[in-house]
Amino acid sequence: MPRHKGADGHPVIVSAAVRPEFFEAETAREVIYQIPQRIRVVNVRTTSIFEDFSTLESYEECCANSQLANTKRFR
């Protein structure tokens, strides 16, 4: 699970062995946090783990922002 300054983000990578649990649970969050001992945290330096792509517009906006950030970084 990616984490930035103590806050969890996404995407969360899940073992295929856990797949059946998703069919039994009401939410993915329920499966992820059910057994805290199996969560592995990766601390990251970017806030992009908090981006939400629930719509095409939000995805396109994030892509545009990422391209702009990359352009600025290499100047």
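Student: Glu21 first. Is Glu21 buried, partly exposed or exposed?
Tutor: Glu21 counts as partly exposed, at 25% relative accessibility. Buried means under 20% relative accessible area, exposed means over 50%, and partly exposed lies in between (1.4 Å probe, protein chains only).

Student: Where do these values come from?
Tutor: This is a predicted model, where local features need pLDDT of at least 70, side-chain atom pairs count only at pLDDT 80 or more, and totals for chains, interfaces and linings use all residues. Residues are numbered from 1 along each chain as its sequence is written, and side-chain values use heavy atoms, with hydrogens and water left out.

Student: Back to Glu21. What does Glu21 form a salt bridge with?
Tutor: Its partner is Arg38, and the closest N and O atoms are 2.7 Å apart. The pair links distant parts of the chain, 17 residues apart: Glu21 is in helix α1 (residues 19-24), and Arg38 is in the loop between α2 (28-34) and β3. Arg38 is partly exposed too, with a relative accessible area of 30%. The rule for a salt bridge is a side-chain nitrogen of Lys or Arg within 4 Å of a carboxyl oxygen of Asp or Glu.

Student: How many salt bridges does that rule give?
Tutor: Two. Asp8 and Arg3 also meet through their side chains, at 2.7 Å from N to O. Asp8 is partly exposed at 29%, and Arg3 is partly exposed at 25%. In general, side chains of opposite charge can pair when their charged atoms come close.

Student: Now the fold. What pattern does the chain follow?
Tutor: Along the sequence the pattern is β-β-α-α-β-α. That is three helices and three strands. Both are DSSP runs numbered from the N terminus: helices are H or I with at least four residues, strands are E with at least two.

Student: What order do the strands take in the sheet?
Tutor: The order is β2-β1-β3, in an open sheet with mixed pairing. β2 (7-8) and β3 (42-43) stand at the edges with a single partner strand each, so one side of each has no neighbour in the sheet.

Student: And how do β1 and β3 pair?
Tutor: Strand β1 (residues 2-4) pairs with β3 in the parallel sense, over two bridges. Two strands count as paired if DSSP finds at least two bridges between them. Pro2 stands opposite Val42 in β3.

Student: New topic: α3. Is Ser58 buried or exposed?
Tutor: Ser58, in helix α3, counts as buried at 19% relative accessibility. A polar atom of the Ser58 side chain lies 2.9 Å from the backbone oxygen of Thr55. Leaving out residues up to four places away in sequence, Ser58 touches Asp52 and Phe53. Contact here means heavy atoms within 4.5 Å.

Student: Which residues make the nonpolar surface patch?
Tutor: Phe53, Leu56 and Tyr59 make a patch of about 330 Å². Patch residues have over 30% relative accessible area and no salt bridge; like charges are joined within 9 Å, and nonpolar side chains (Val, Leu, Ile, Met, Phe, Trp, Tyr) within 5 Å. Tyr59 is found in helix α3 (residues 56-73) and is partly exposed at 43%.

Conventions: Accessible areas come from the Shrake-Rupley method with a 1.4 Å probe; for residues, only the protein chains shown count as cover. A polar contact is a pair of N or O atoms within 3.5 Å; within protein, one must be able to donate a hydrogen and the other to accept it, and residues adjacent in sequence count only if both atoms are side-chain atoms.
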